[in-house]
Amino acid sequence: MNGRTVLERFPAGGPRGSWPAEEFAHARRLEGLPAEVVMDLATDTFLVIVRSAEGAVDAVA
């Protein structure tokens, strides 16, 4: 368990690259969530995540 919650997934092969993920994460940060974008190499997707300090179980949106 890695202590993160996945809020959304975006394909890395899209014509706009990571921009949709970055825009989504920015909107979540404006709402007060400490969202960040990470790359999942295994699935070739950008993930917008929120890390949890308690080490909670992964939750996928």
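# Briefing: core, ring pair and salt bridges

Glu23 has a relative accessible area of 40% and is therefore partly exposed (buried means under 20% relative accessible area, exposed over 50%, and partly exposed in between, with a 1.4 Å probe and protein chains only). The model is predicted: local features need pLDDT of at least 70, side-chain atom pairs count only at pLDDT 80 or more, and totals for chains, interfaces and linings use all residues. Residues are numbered from 1 along each chain as its sequence is written, and side-chain values use heavy atoms, leaving out hydrogens and water.

**Overall organisation**

- The protein contains one helix and four strands (DSSP runs numbered from the N terminus, with H or I over at least four residues for helices and E over at least two for strands).
- Read from the N terminus, these elements follow the order β-α-β-β-β.
- The protein has 61 residues, of which 26% count as buried.
- Its accessible surface amounts to about 4,000 Å², and carbon and sulfur atoms hold 59% of that area (Shrake-Rupley method with a 1.4 Å probe; for residues, only the protein chains shown count as cover).
- Among contacts with a separation of 6 or more, 60% join residues 24 or more positions apart (a contact means heavy atoms within 4.5 Å).

**Nonpolar core**

- Eight residues make up the largest nonpolar core: Phe10, Ala12, Ala21, Ala25, Ala35, Phe46, Val48 and Val50 (such a core is a set of buried Ala, Val, Leu, Ile, Met, Phe, Trp, Tyr and Cys residues joined through side-chain atoms within 4.5 Å).
- Two or more residues of this core come from each of α1 (19-30) and β3 (45-51), and β3 gives the largest share, with three residues.
- Ala35 is in contact with Leu7, Ala25, Arg28, Arg29, Val48, Ile49 and Val50, when residues up to four places away in sequence are not counted.

**Phe10 and its surroundings**

- Phe10 is located in strand β1 (residues 4-11), and its relative accessible area of 16% makes this residue buried.
- Apart from neighbours within four places in sequence, Phe10 touches Pro20, Ala21, Phe24, Thr45, Phe46 and Val48.
- Phe10 and Val48 are 38 residues apart along the chain, and their C-alpha atoms are separated by 8.3 Å.

**Aromatic pair and charge over a ring**

- The structure has one aromatic pair (rings of Phe, Tyr and Trp, the last by its six-membered ring, pair if their centres lie within 6.5 Å; planes under 30 degrees apart count as stacked, over 60 as edge-to-face and the rest as tilted).
- The ring centres of Phe10 and Phe24 are 5.8 Å apart and the planes stand at 55°, so this pair is tilted.
- The pair links strand β1, which holds Phe10, with helix α1, which holds Phe24, across 14 residues.
- Phe24 is partly exposed, at a relative accessible area of 22%.
- Arg28 sits over the face of Phe24, 4.3 Å from the ring centre (this requires NZ of Lys or CZ of Arg within 6 Å of the ring centre and within 35 degrees of the ring normal).

**Salt bridges**

- Three salt bridges are found in the whole structure (a side-chain nitrogen of Lys or Arg within 4 Å of a carboxyl oxygen of Asp or Glu).
- Arg16 and Glu23 form a salt bridge at 2.8 Å, N to O; Arg16 is partly exposed, at 45% relative accessibility.
- Arg28 and Glu31 form a salt bridge, with their closest N and O atoms 2.9 Å apart; Arg28 is buried, at 17%, whereas Glu31 is exposed, at 55%.
- Glu36 and Arg51 form a salt bridge with their closest N and O atoms 3.0 Å apart.
- Because Arg51 lies in strand β3 and Glu36 in strand β2 (residues 36-40), this pair ties together parts that are 15 residues apart in sequence.
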